[in-house]
Amino acid sequence: CHGIVDTGASRLGVQASSLPKVKSALAKSLVLGEQCLGADLKFDLGDMVLTLRATDYTGEDCTPELGSLALEEPTFKGVYAFGETVLRNYYAAFDWEQRR
């Protein structure tokens, strides 16, 4: 998959056409106890894999907090927006000169 770092996004952005299916699948696996328990989300970005635990992508009521991405398909198929949900768990460094 591909990820877009969006420092202004508070939720994980999911392709609009996939959002209902992803949200439903995640909601079915979530259990609220002392903390929200559920499936880990793993994003294979080639050189690295980002992992989000259920507590990273859910709200206080243990429901998935996902946002809709209105990007053209098939050009942007498999693209996710990584905002606060990823940035609070991973250190991000950008190399402007090497554009990476």
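Arg53 and Asp56 join their side chains in a salt bridge, with a nitrogen-to-oxygen distance of 3.5 Å. The term denotes a side-chain nitrogen of Lys or Arg within 4 Å of a carboxyl oxygen of Asp or Glu. The model is predicted, so local features are reported only at pLDDT of at least 70 and side-chain atom pairs only at pLDDT 80 or more, while totals for chains, interfaces and linings use all residues. Residues are numbered from 1 along each chain as its sequence is written, and side-chain values use heavy atoms, with hydrogens and water left out.

Side chains of opposite charge can pair when their charged atoms come close. A search of the whole structure finds 3 salt bridges.

Another salt bridge links the side chains of Glu73 and Lys77, with 3.9 Å from N to O. Glu73 is partly exposed, its relative accessibility being 35%, and Lys77 is exposed, with a relative accessible area of 56%.

Glu84 and Arg88 also form a salt bridge, in which the closest N and O atoms lie 3.1 Å apart. Within this pair, Glu84 is partly exposed at 39% relative accessibility, and Arg88 is partly exposed with a relative accessible area of 47%.

Definitions and conventions:
Buried < 20%, exposed > 50% of the residue type's maximum accessible area, 1.4 Å probe, protein only.
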